[in-house]
Amino acid sequence: MPVRKTPAPGARYTDMTPKSKNIPFNSPFIVGKELYYIAQAVLQNRQISGAGPFTLKCQAWLEERLRCGKALLTHSCTAALEMAAILLDLQPGDEVIMPSFTFVSTANAFVLRGATPVFVDIDPTTLNLDASLLPQALTPRTKAVVPVHYAGMPCDMDAIMTFSDANGLAVVEDAAQALLSTHNGRPLGTIGQIGCLSFHETKNIISGEGGALLVNDPQFAARAEIIWEKGTNRRQHFRGEVDKYTWLDVGSSFLPSEIIAAFLAAQFEQAEAIIAKRYALFCRYMEALAPLAREGLVGLPPAGLSASCNAHIFYMMAASLDERTRLIKHLAARGVKSVFHYVPLHSSPGGERFGRTATSMAVTDALSDRILRLPLFYELTDAEVDAVAAAVFEFYGKSFNA
């Protein structure tokens with residue numbers, strides 16, 4: 001029976017099987033010592049439950065690289081958002097302002113505490129929460145603002161922080177897509193009191209599932225660790241700060257396993273190279289599709305903000321929902337997997353039941369119908385980017401020159 005060879009670092013998993021002509025939307029990857037570190041966790045460290053050496057290593061990397069006060073690995077960004085909602089002591093009837101153009105976890109984390117998501121429209125350029133609309137959403141019950149850095153593009157954090165500080169509101173950055181993106185030189189996720197990251201398979205830096213809570217306000221640090229450890233002071237006990245540990249607060253099992261942390265530690269070691277590769281692919285898309293944008297046939301991400309983003313998503317805007325549907329089918333027929341994105345939360349059954357809108361949602365409704373995400377992942381090649389671009393040009397009846 002033939003023996004399968006282990007792929008070299010950076011090789012696409014499908015290299016072990018006959019090559020497909022298709023270009024997937026996303027593909028998980030190994031870039032360095034992921035498998036070695038997993039073996040080390042099992043065979044050398046003899047710990048695969050959470051909060052072991054690799055967890056501590058990852059947290060230290062985040063604290064040093066992002067310059068945040070405290071980082072805690074979680075099993076998902078959803079878990080980090082849920083921890084943030086607990087830290088804010090939200091009560092039934094409290095309100096949290098957020099965009100509707102986001103993943104359901106952004107809202108669910110606060111709904112679980114009894115709070116009401118209050119949706120505002122997005123900026124048509126950045127697709128992020130429109131900070132100028134925040135006053136329309138403010139009520140005596142407002143407790144927090146949750147900006148979402150869509151596609152790794154920074155929100156207008158200066159305006160958001162100014163508004164929140166003036167009104168005594170906490171800011172929880174949903175930076176699920178934004179690791180190593182910056183705003184005025186500051187890493188996203190470290191500007192508000194709390195930040196939340198994702199290392200899901202679809203993100204830039206991956207561990208399959210996984211996330212992190214960034215605690216930027218010291219007042220939350222000690223309690224965050226207790227909530228993270230199921231409501232106990234177990235971490236203090238292990239550090240020798242107390243002679244036994246006990247139940248102190250509400251909490252849950254938010255820790256990832258050491259297997260997850262080991263994989264993530266290897267990705268962190270190559271984080272800059274991963275982002276640089278994705279950014280080069282992002283720029284290639286921008287250059288390739290620029291002629292269509294100049295003719296007004298498609299919309300592209302804002303070039304001015306792209307320089308500070310981590311190239312998480314490359315998206316384009318079709319003219320209408322019908323055109324987008326036809327373009328997706330056209331690309332699929334040529335072996336290219338492209339996808340739309342969120343159904344706006346305010347127009348979903350859950351959003352109508354648990355939340356409310358504070359502004360017109362015209363921009364959210366219009367752009368969510370038109371946005372199309374193209375393949376972008378670490379192992380994507382220049383030739384594949386050109387093939388995707390050529391297929392897009394073909395749809396619009398234009399010739400593509402790489």
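Helices are taken here as DSSP runs of H or I spanning at least four residues, numbered from the N terminus. In this predicted model, Gln-59 has its place in helix α2, which comprises residues 53-66. With a relative accessibility of 8%, Gln-59 counts as buried, because buried means under 20% relative accessible area. When neighbours within four places in sequence are left aside, Gln-59 is in contact with Ala-71, Leu-72, Leu-73 and Trp-228. The C-alpha atom of Gln-59 is separated by 13 Å from that of Glu-269, a residue that lies 210 residues apart from Gln-59 along the chain.

The surroundings of Leu-62 were examined in the same way. Apart from neighbours within four places in sequence, Leu-62 is in contact with Arg-67, Cys-68, Ala-71, Leu-73, Leu-179, Leu-197, Phe-199, Ala-212 and Phe-268. Leu-62 is also listed, together with Ile-160, Leu-179, Leu-197 and Phe-199, among the residues with the most contacts inside the largest nonpolar core, which has 51 residues. Helix α9, covering residues 258-269, supplies the largest share of this core, namely seven residues. In soluble globular proteins, nonpolar side chains tend to be buried together.

The strands were considered next. An open sheet of mixed pairing is formed by eight strands, arranged in the order β1-β9-β8-β5-β4-β2-β3-β11. Its edge strands, each of which pairs on one side only, are β1 (70-74) and β11 (356-357). Strand β11 pairs with β3 in the parallel sense over two bridges, and Arg-356 in β11 stands opposite Val-118. Strand β8, formed by residues 194-198, is largely enclosed by the rest of the structure, because five of its five residues are buried. From β8, Ile-194, Cys-196 and Ser-198 point one way, whereas Gly-195 and Leu-197 point the other way, and all of them are buried. The pairing of β8 with β5 is parallel and extends over three bridges, with Gly-195 in β8 as the bridge partner of Glu-173. By contrast, β8 pairs in the antiparallel sense with β9 (residues 211-215), over five bridges, and Ser-198 stands opposite Gly-211 in β9.

Two helices illustrate how buried residues are covered by other elements. Helix α4, residues 104-111, is mostly covered, with six of its eight residues buried. These buried residues are Ser-105, Thr-106, Ala-107, Ala-109, Phe-110 and Val-111, and what covers them includes the helices α3 (77-87) and α13 (349-354) as well as the strands β2 (95-99), β3 (116-120) and β5 (170-174). In helix α7, which runs over residues 221-228, the buried residues include Ala-224, Glu-225, Ile-226, Ile-227 and Trp-228. The elements that cover the buried residues of α7 include α2, β1, α3, β9 and α8 (234-238).

Positive phi angles were noted at several positions. Just after α7, Lys-230 takes a positive phi of about 65 degrees. Arg-46, found in the loop between α1 (34-44) and α2, has a positive phi of about 55 degrees although it is not a glycine. Arg-46 counts as exposed because its relative accessibility is 65%, and exposed means over 50%. In the loop between α2 and β1 lies Arg-67, which likewise is not a glycine and has a positive phi of about 60 degrees. At 56% relative accessibility, Arg-67 also counts as exposed, and Arg-67 is among the contacts of Leu-62.

A search of the whole structure finds one cavity of 30 Å³ or more, and the largest cavity has a volume of about 40 Å³. Its lining consists of Ala-176, Gln-177, Ala-178, Leu-179, Ser-198, Lys-203, Asn-204, Ile-205 and Asn-310, which by class comprise four nonpolar, four polar and one charged residues. Among these lining residues, Leu-179 is also one of the residues with the most contacts inside the largest nonpolar core, and Ser-198 is one of the buried residues of β8.

How values were computed
Residues numbered from 1 in each chain as written. Predicted model: local features only at pLDDT ≥ 70, side-chain atom pairs only at ≥ 80, totals over all residues. Heavy atoms only, no water. 1 Å grid on protein atoms, 1.4 Å probe; cavity = no way out; pocket = protein on both sides within 12 Å on 5 of 7 lines; lining within 4 Å. Points joined across faces, edges and corners; volume = space filled by probe spheres on them. Nonpolar A, V, L, I, M, F, W, Y, C, P; charged D, E, K, R; others polar. Core = buried A, V, L, I, M, F, W, Y, C linked by side-chain atoms within 4.5 Å. Buried < 20%, exposed > 50% of the residue type's maximum accessible area, 1.4 Å probe, protein only. Contact = heavy atoms within 4.5 Å. Pairing = 2+ DSSP bridges.
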